[in-house]
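Take a slow look at the fold before reading on. Follow the chain from one end to the other.

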Amino acid sequence: MKIKILVSACLMGFKVRYNGSEKQAVEATLARWQQEGRLVIHCPELAAGLPVPRLSAEISGGTGADVMHNAARITESDGTDVTAHYQLAAWLALRAAQEAGCRAALLTDGSPTCGSRTIYDGSFSGQRQPGMGVAAALLAEHGIKVFSEQELDALIAWINAHDVG
């Protein structure tokens with residue numbers, strides 16, 4: 001059975017990011033995987049009912065794992081606490097991945113939801129820090145291998161090493 005991959009919708013060209021844009025990263029490999037039925041295209045924020053466009057949001061006081069354990073918060077640029085919305089987004093991403101049998105995820109780095117290597121530091125100054133967003137952290141905690149869009153080559157290698165059939 002071919003490994004299924006949860007993919008951030010914005011990486012596939014859908015205009016679902018906070019500012020209504022996309023972050024298209026579709027290359028020949030992703031296009032082939034999509035034709036093979038491997039990809040589960042998902043936007044956690046949209047699934048949780050957040051609008052497009054929406055204010056930018058950042059994690060304050062920790063990482064996505066901390067937010068999921070109620071030890072940090074997610075706020076919008078106007079100061080509104082949106083932690084619960086993003087926690088719901090994380091749980092919905094996990095459910096989508098598990099229901100589809102995904103073993104890997106390709107997510108948008110920097111996002112408070114999908115960041116897998118870096119997230120913004122909560123100051124809304126454009127500064128990044130190491131850490132995962134809420135969905136990336138929850139997926140990883142449940143055994144789903146998470147890759148950022150900059151790690152497509154590593155994902156390809158991982159798929160080739162773990163694929164059966």
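In what order do the elements of the protein chain run from the N terminus on? They run β-α-β-α-β-α-β-α-β-β-β-α-β-α. That comes to 6 helices and 8 strands. Helices (H or I, at least four residues) and strands (E, at least two) are DSSP runs, numbered from the N terminus.

This is a predicted model, where local features need pLDDT of at least 70, side-chain atom pairs count only at pLDDT 80 or more, and totals for chains, interfaces and linings use all residues. Residues are numbered from 1 along each chain as its sequence is written, and side-chain values use heavy atoms, with hydrogens and water left out.

Now the overall build. The C-alpha trace spans about 50 × 30 × 25 Å along its principal axes. Buried residues make up 48% of the 165 residues. Buried means under 20% relative accessible area, exposed over 50%, and partly exposed in between (1.4 Å probe, protein chains only). Take the contacts between residues at least 6 apart in sequence: 62% join residues at least 24 apart. A contact means heavy atoms within 4.5 Å.

Next, some local details. A cis peptide bond joins Val-52 and Pro-53, with omega about -5°. Pro-53 sits in the loop between helix H2 (44–47) and strand S3 (57–60).

Asn-70 is not a glycine, yet its phi is positive, about 60°. Its place is the loop between helix H3 (64–68) and strand S4 (73–76). Asn-70 is exposed, with a relative accessible area of 55%.

Phe-124 also is not a glycine and has a positive phi, about 55°. Phe-124 lies in the loop between strand S6 (118–120) and strand S7 (128–130). Phe-124 is partly exposed, at 29% relative accessible area.
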